[in-house]
Amino acid sequence: VRKFLESKRDTPPTEGEVINCGLLDAIPFPENWSNGRTPKRLEGIEAERLTSHVGGALKLMMSCLWYAQSKGSSAAVEALREQVLEAGELHVGTLPGYLLALVPIDDRFSGTPFSAARLYCSERTESHIEKRPPFRDVLLKKSKRNPSDDDWKIGATNLPQITANFAFCAHDGRYFPWIKDVKFVPELKQLLLDNPVIAVRHILQWGSLSEQQADLLAELKEKVACALPFPADNYWGPLTEIYPFKLVLPHDLPLLSVLAPQIISWHSHIRAQSLHSNSSTSLGEVLTQYGLSAESLRQIAVSSENSIVCRAGALAMYWINLTELNGEHCAIDLTHEQSLYRELRTIDNQSWLTRALVVGVLGSFSETSSEALAIVTDLLELCGSQGGPRRQVTELLRMWSARSTEPTHTHGVLDTWLGYNFEPPSYARA
């Protein structure tokens, strides 16, 4: 991370364009909505007229430019607002940074990247909207030192996501060695409490708060539990070592649905690492540190007294844990697991719940198993509709098709499903 930040710019910035953001320095786009300037290369484009003649991403781009050219007329604001809401934050973020800098939309360094919130106050007086310019780049300060309270305060205000990253990952000296001590100033605490989406991304490191920031940990639990469910794309893979915290059940049951996708990601990470190292980290040991066990997770998952949100999180972690039980789970009733999956799957959890089913359960069964085929057929039908778990099903089919010594190749089990013959043509075998 440090090398990445240091290499972000080929030539050093001039003193005038650098903005102090506490933990880091930041460089704004030279043309942005706060100074009203637009790039010369975009001059001459009749954005207002073109907005009504194009669709999709082009319409969104023209709406951005129309807003910049009109300096925020009502029609341009309305057109841009409509396009941003229709596209969604994920797709808005794919637009060129220099174009997004021209409109009052939170940039990628903000607490709510690519959100349309600023658009709703862009026609009010300037006192109602923060005039901080969108940042093009961030870079390390020339003087590497332990950040002061003011540095953490400014960082939490100007670079909230990056500052949160530093706060939860600084205890691992491999990544940010110049940060010796995290200062949980009021602004940083408020940032985390006001933005559960940011806090959730670091839930695997919440244990680092247990001793010095126990009150903050308790408040985070409450805030996150009240903000459920979270978008499927909000979960990050682990950057540093995992720092578990003790769950207080049944009070902390809602956190299982937040913890599950992160645990699944972490487990995939350590499994990949184990292929190249002698890593002995056990998922069972980690679950114990959270106060969980395979038995308790199963009880939570099957109990109708618990909410679907809690049950899905417990079931996903139970399934993933099966990978460490030395094949004992091969005796489980797949028909029952399929029934649980159907009952607990939702749009919000289907990506990680399906991944747990694929990795923890189906991956250990033969593709000739009638029960396994029944579940996969169910998954394939889901993929026929928008938003189905395509990636997870593809992962399983690749896993099965790669078993060249299994009956897949011998009997062509997958050929009729995929419309593809895995056997190479005769001329390729010659």
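## How α8 and α10 pack

In this predicted model, the axes of α8 and helix α10 (residues 214–226) cross at roughly 25° and come within 9 Å. Angles under 35 degrees count as roughly parallel, so that is the label for α8 and α10. On the α8 side, the contact is made by K189, L192 and L193, while α10 brings L216, E219, L220 and K223. Sorted by class, that gives four nonpolar and three charged residues, with no polar ones.

Helix α6 (residues 149–158) has D151, W152, G155, A156 and N158 buried.

The link is a salt bridge at 3.7 Å, N to O. D149 is partly exposed at 43% relative accessibility, and K183 is partly exposed too, at 22%.

## Other salt bridges

Searching the whole structure turns up eight salt bridges. One of them joins R118 and D106, with the closest N and O atoms 2.6 Å apart. Both R118 and D106 are buried.

Then there's D252 with K221, where the closest N and O atoms are 3.0 Å apart. D252 sits in the loop between α10 and α11 (256–274) and K221 in helix α10, so this pair ties together parts 31 residues apart in sequence. D252 is buried at 2% relative accessibility, and K221 is buried at 12%.

## A look at α18

Helix α18 (residues 390–401) runs for twelve residues and spans 16 Å from first C-alpha to last, close to the 16 Å expected. Its buried residues are Q392, V393, L396, L397, W400 and S401.

Conventions: Residues numbered from 1 in each chain as written. Predicted model: local features only at pLDDT ≥ 70, side-chain atom pairs only at ≥ 80, totals over all residues. Heavy atoms only, no water. Helix = DSSP H or I, 4+ residues; strand = E, 2+ residues; numbered from the N terminus. Expected span 1.5 Å × (residues − 1). Buried < 20%, exposed > 50% of the residue type's maximum accessible area, 1.4 Å probe, protein only. Axes fitted to C-alpha atoms, helices over the stretch in contact; angles between N-to-C directions. Parallel < 35°, antiparallel > 145°, perpendicular 65-115°, else oblique. Contact = heavy atoms within 4.5 Å. Nonpolar A, V, L, I, M, F, W, Y, C, P; charged D, E, K, R; others polar. Salt bridge = Lys/Arg side-chain N within 4 Å of Asp/Glu carboxyl O.
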